[in-house]
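Here is a report on one protein chain.

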Amino acid sequence: MDPTLVFTTLKELAGLAKKANQIELTQKVIDLQTLVMTLVQDQWDLQKDAEKLRREKADLEKDSELAGRLQFKNNAYWIDGSTAEENGPICSACWDGDRKLVRMVRFPDNVGHCNRCDKNARYGRSAHDEGSRRSIMDGW
Ligand SMILES: [Zn+2]
């Protein structure tokens, strides 16, 4: 319902009460206007809360859909299990602990860093690992 219709009617009612020189009635109409304004404000607040909840629900549904696609591999989560750059790495501490989907910054040597929780994770072999493997293999 359009609240301006209610305010217009109340204003007309206040005018009639004033014209009839009914002070007590005029005061009651003013009280009623105040109550209606409070109700309109409450309705406005509820609409804002409902909109916020709709957005949060949409975010949760998106996270839930994404959660179904996350796969833990090499110390981090990856969307669809793919280690392609656009699919991760995603911080396991932030996801497991707080359900926050935080992409880790990639550093050399397959180290990811989470700017949210400040943790590092090695999500692949390091050059040192490769070197050790090669020297072991060289010994064969
Ligand atoms: Zn993190």
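## The N-terminal helix

Helix H1 has 17 residues and reaches 24 Å from its first C-alpha to its last, close to the 24 Å expected at 1.5 Å a residue. Helices (H or I, at least four residues) and strands (E, at least two) are DSSP runs, numbered from the N terminus. The expected span of a helix is 1.5 Å times one less than its number of residues. The model is predicted: local features need pLDDT of at least 70, side-chain atom pairs count only at pLDDT 80 or more, and totals for chains, interfaces and linings use all residues. Residues are numbered from 1 along each chain as its sequence is written.

Leu10 sits in H1, which covers residues 3-19. Leu10 is partly exposed, with 17 other C-beta atoms within 10 Å. The burial classes rest on that count: 20 or more other C-beta atoms within 10 Å of a residue's own make it buried, 12 or fewer make it exposed, and anything in between is partly exposed, with C-beta atoms placed from the backbone. Beyond its neighbours within four places in sequence, Leu10 is in contact with Val29, Leu32, Gln33 and Val36. Contact here requires C-beta atoms, placed from the backbone, to lie within 7 Å. Leu10 and Gln33 are 23 residues apart along the chain, and their C-alpha atoms are separated by 6.6 Å.

## From H1 to H2

Asn21 follows H1. Asn21 lies in the loop between H1 and H2. The phi of Asn21 is near 55 degrees, a positive value in a residue other than glycine. Asn21 is exposed, with 8 other C-beta atoms within 10 Å.

Helix H2 spans residues 23-67. At 1.5 Å a residue, its 45 residues should span 66 Å, and the end C-alpha atoms are 65 Å apart, which agrees. How many of the 45 residues of H2 are buried? The number is 1, so H2 lies largely in the open.

Strand E1 (residues 70-73) and strand E2 (residues 76-79) pair in the antiparallel sense over 4 bridges. Pairing requires DSSP to find at least two bridges between two strands. One of the bridge pairs joins Lys73 to Ala76 in E2. E1 and E2 form a hairpin with 2 residues between them.

Asn74 is in the turn of this hairpin. Its phi is near 55 degrees, a positive value in a residue other than glycine. Asn74 is partly exposed, with 16 other C-beta atoms within 10 Å. Further on, a cis peptide bond joins Gly88 and Pro89, with omega about 5 degrees. Pro89 is placed in the loop between E2 and helix H3 (92-98).

## The three-stranded sheet

Strands of a sheet pair through backbone hydrogen bonds, either parallel or antiparallel. Which order do the 3 strands of the open sheet take? The order is E3-E4-E5, and the pairing is antiparallel. The edge strands are E3 (105-107) and E5 (120-122), each pairing on one side only. From one strand to the next, the twist averages 30 degrees. For such angles, axes are lines fitted to C-alpha atoms, for helices over the stretch in contact, and values run from 0 to 180 degrees between N-to-C directions.

E3 and strand E4 (residues 111-113) run antiparallel and are joined by 3 bridges. Phe107 has Val111 in E4 as its bridge partner.

## The chain as a whole

The secondary structure comes to 4 helices and 5 strands. From the N terminus on, the elements run α-α-β-β-α-β-β-β-α. The radius of gyration is 32 Å, well over the 14 Å that the globule rule gives for 140 residues, so the chain is more spread out than a compact globule. That radius is taken over C-alpha atoms, and the globule rule is 2.2 Å times the number of residues to the power 0.38. Along its principal axes the C-alpha trace spans about 110 × 25 × 20 Å.

Of the 140 residues, 11% count as buried. Among contacts with a separation of 6 or more, residues 24 or more positions apart account for 23%. The chain is divided into domain 1 (3-64) and domain 2 (71-125). These bounds come from an automatic or database domain assignment. The domain centres, taken over C-alpha atoms, are separated by 49 Å.

Methods:
Contact = placed C-beta atoms within 7 Å.
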